[in-house]
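Please keep the sequence and the model in view while reading.

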Amino acid sequence: MSFQAMTWATAQKCGTAPAKLVLLMLANHANGHTGQCNPRHKLLADECDMKVDALKSNLKKLQELELIEIIPQYSEGVQLPNHYRLNMPT
């Protein structure tokens, strides 16, 4: 957990409580220096007490608000779990 990431996430305007919760849980998993976090959808959905579809919707909302960057990962043409980067100031 990064105290800096959690402080940043707390100060952001996300529009809805579920989106804010997803941002806080991403911050809980974030590397404090890079802002990168790699939790799987299932883990994040469980931590947020929501269904995976709702989680994905909130992740897209956070990306549209430019609070996070979703970084797709592939290996040999197979999609792997996404990585996420918090758009915190450096």
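A polar contact is a pair of N or O atoms within 3.5 Å; within protein, one atom must be able to donate a hydrogen and the other to accept it. The model discussed here is predicted.

**Asn-58**
- Asn-58 lies in helix 4, and its side chain comes to 3.3 Å from the backbone nitrogen of Ala-19.
- Asn-58 counts as buried because its relative accessible area is 10%, under the 20% cut-off.
- Apart from residues up to four places away in sequence, Asn-58 touches Thr-16, Pro-18, Ala-19, Val-22 and Met-50.

**The largest nonpolar core**
- The largest nonpolar core consists of 26 residues.
- Val-22, Leu-23, Leu-26, Leu-59, Leu-62, Ile-68 and Leu-86 have the most contacts inside this core.
- Two or more residues each come from helix 1 (3-11), helix 2 (17-29), helix 3 (41-48), helix 4 (52-64), strand 2 (68-75) and strand 3 (78-86).
- Helix 2 contributes the most to this core, with seven residues.
- Beyond its neighbours within four places in sequence, Leu-59 is in contact with Val-22, Leu-26, His-41, Leu-44, Ile-68, Ile-70 and Tyr-84.
- In soluble globular proteins, nonpolar side chains tend to be buried together.

**Leu-21**
- Leu-21 is placed in helix 2.
- Leu-21 is classed as partly exposed because its relative accessible area is 29%, which falls between the cut-offs of 20% and 50%.
- Between Leu-21 and Lys-51 there are 13 Å from C-alpha to C-alpha, and the two are 30 residues apart in sequence.

Conventions:
Residues are numbered from 1 along each chain as its sequence is written. This is a predicted model: local features need pLDDT of at least 70, side-chain atom pairs count only at pLDDT 80 or more; totals for chains, interfaces and linings use all residues. Side-chain values use heavy atoms; hydrogens and water are left out. A nonpolar core is a set of buried Ala, Val, Leu, Ile, Met, Phe, Trp, Tyr and Cys residues joined through side-chain atoms within 4.5 Å. Buried means under 20% relative accessible area, exposed over 50%, partly exposed in between (1.4 Å probe, protein chains only). Helices (H or I, at least four residues) and strands (E, at least two) are DSSP runs, numbered from the N terminus. Contact means heavy atoms within 4.5 Å.
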